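Let's walk through this model together, with the structure open beside the text.

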Amino acid sequence: MYKDFQSFLRQELDSIEQAGLYKDERIITSPQKADITVSTGKEVLNFCANNYLGLSNNQELIDAAKKALDERGYGMSSVRFICGTQDLHKQLEAKISEFFGTEDTILYAACFDANGGVFEPLLSEQDAIISDALNHASIIDGVRLCKAKRYRYANADMADLEEQLKLAQAQRFRIIVTDGVFSMDGNVAPLDKIYALAEKYNAMVMVDESHSAGVVGKTGRGTTERFNLRGKIEIITGTLGKAFGGAIGGFTTGKKEIIDMLRQRSRPYLFSNSIPPMVAAAGIQMFDMMSRTNELQDKLHENTDYFVGKMKEAGFDIKPTESAICAVMLYDAKLSQEMATRMLEEGIYVVGFYYPVVPKDQARIRVQISAGHERAHLDKCIAAFTKVGKELGVIK
């Protein structure tokens, strides 16, 4: 059987490659930071990492992880409810709850698991999930695992959301689900309006803060801080793998009874190993750092405003953004691939995004700004975009 299947796979892969849509993995041989070394030995500037606060190579976090490695070992070799819970896990959960102003927190191996394990334990065929059309794939997969009635509304479209909420009155319980920041466009969900509609139509709200925690809000506490809703949202999911150090690990934080039920029935929690002690220790250290100073968030916001302003001045089509994501719209998939390749030749590491990661004919290069970038890094990136953009006819 495999010979036939192998032939089928080869044809599919060939068609992907011929269409210019084949995804190659570039290999990095240095720590993740603003300036990195790739396998060719070339040093380039990284503008496509989720390393929003520049913490992926932060020495305080490295030291905390090393200390935990020596004192608590390498891994847990167990799920939480058997023998996989250390005091470090409980301390980190408490830190996350304090940071977001919530009642309790549960850790997962990744936010993909958090989103995959949140709906099925809580909702049944009697209930309704109303989901934004541009929500992350992990939310979509999590919804598929649940028997609740599914409704979808156009991205950040409050009129459409209200229509779906009217339809969902037929169900017992309702929950509106949205990304805090939509990862491909960089726009922030209008959480204040979502919350108002939830109150009007007796619904709960869930927000995935993966791309907004550490970034959005005056002190980086996400969209609930941005819209003065701290402690009012029932469920928040997020990750330690982006702004919060860039390693691994996800979480769900929110109302106590919800978290209690997830501990009892959430399958990715019950059947996956605990995060390593060194990751938990580094996470604790990171939240302590963020409580001491707002310096990194301030620098990130300053960097983002500067970069977006200069790119618009150069003539690029930039999606409106309130985050650290700058979507440089190219629309053509092959063009996005070619431009990313040419940018690497100029010493700038970026990646083209195209269908199915984004809708058809909506290809772009997603630039992600970091507090680790200095002004010289930003200027070099803008100059490279301008040079390549003119050569490829993207700008005049």
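## Two buried sites

A residue is called buried when its relative accessible area is under 20%, exposed when it is over 50%, and partly exposed in between, using a 1.4 Å probe and protein chains only. This is a predicted model, in which local features need pLDDT of at least 70 and side-chain atom pairs count only at pLDDT 80 or more, while totals for chains, interfaces and linings use all residues. Residues are numbered from 1 along each chain as its sequence is written, and side-chain values use heavy atoms, leaving out hydrogens and water.

With a relative accessible area of 2%, Gly254 is buried. Gly254 sits in strand 9 (residues 250–254); helices (H or I, at least four residues) and strands (E, at least two) are DSSP runs, numbered from the N terminus. Contact here means heavy atoms within 4.5 Å. Leaving aside residues up to four places away in sequence, Gly254 touches Thr102, Glu103, Asp104, Glu234 and Ile259. From Gly254 to Gln362 there are 108 residues in sequence and 35 Å in space, C-alpha to C-alpha.

Ser212 belongs to the loop between strand 7 (204–208) and helix 9 (223–226). Its relative accessibility is 0%, so Ser212 counts as buried. Not counting residues up to four places away in sequence, Ser212 touches Gly180, Val181, Gly220, Gly222 and Thr223.

## Nonpolar cores

A nonpolar core is a set of buried Ala, Val, Leu, Ile, Met, Phe, Trp, Tyr and Cys residues joined through side-chain atoms within 4.5 Å. The largest one has 86 residues, and Phe244, Phe307, Val367 and Phe385 touch the most other members. Helix 12 (residues 277–292) supplies the largest share of this core, nine residues. Another core, of 21 residues, lies apart from it and includes Cys111, Ile129, Ile139 and Val143.

Which residues does Phe244 touch, not counting those up to four places away in sequence? They are Phe99, Phe100, Ala213, Gly214, Thr239, Phe251, Met286, Phe287 and Met290.

## Helix contacts

The axes of helix 13 (residues 295–314) and helix 15 (residues 375–391) come within 10 Å and cross at roughly 20 degrees. Axes are lines fitted to C-alpha atoms, for helices over the stretch in contact, with angles running from 0 to 180 degrees between N-to-C directions. Helix 13 and helix 15 are therefore roughly parallel to each other; angles under 35 degrees count as roughly parallel, over 145 as roughly antiparallel, 65 to 115 as roughly perpendicular and the rest as oblique. Among the residues making this contact are Tyr306 and Phe307 of helix 13 and Ile382 and Phe385 of helix 15.

Helix 2 (residues 59–72) and helix 12 have axes that come within 8 Å and cross at roughly 145 degrees. Their contact includes Leu61, Ala65 and Leu69 of helix 2, along with Met278, Ala282 and Met286 of helix 12.

## Backbone geometry

Tyr355 and Pro356 are joined by a cis peptide bond, with omega about 10 degrees. Pro356 is in the loop between strand 12 (352–353) and strand 13 (363–368).

Although Ala156 is not a glycine, it has a positive phi of about 55 degrees. Ala156 lies in the loop between strand 5 (149–153) and helix 7 (158–167), and at 26% relative accessibility Ala156 counts as partly exposed. Tyr331, also not a glycine, has a positive phi near 75 degrees. Tyr331 is part of strand 10 (residues 325–331) and, at 36% relative accessibility, counts as partly exposed.
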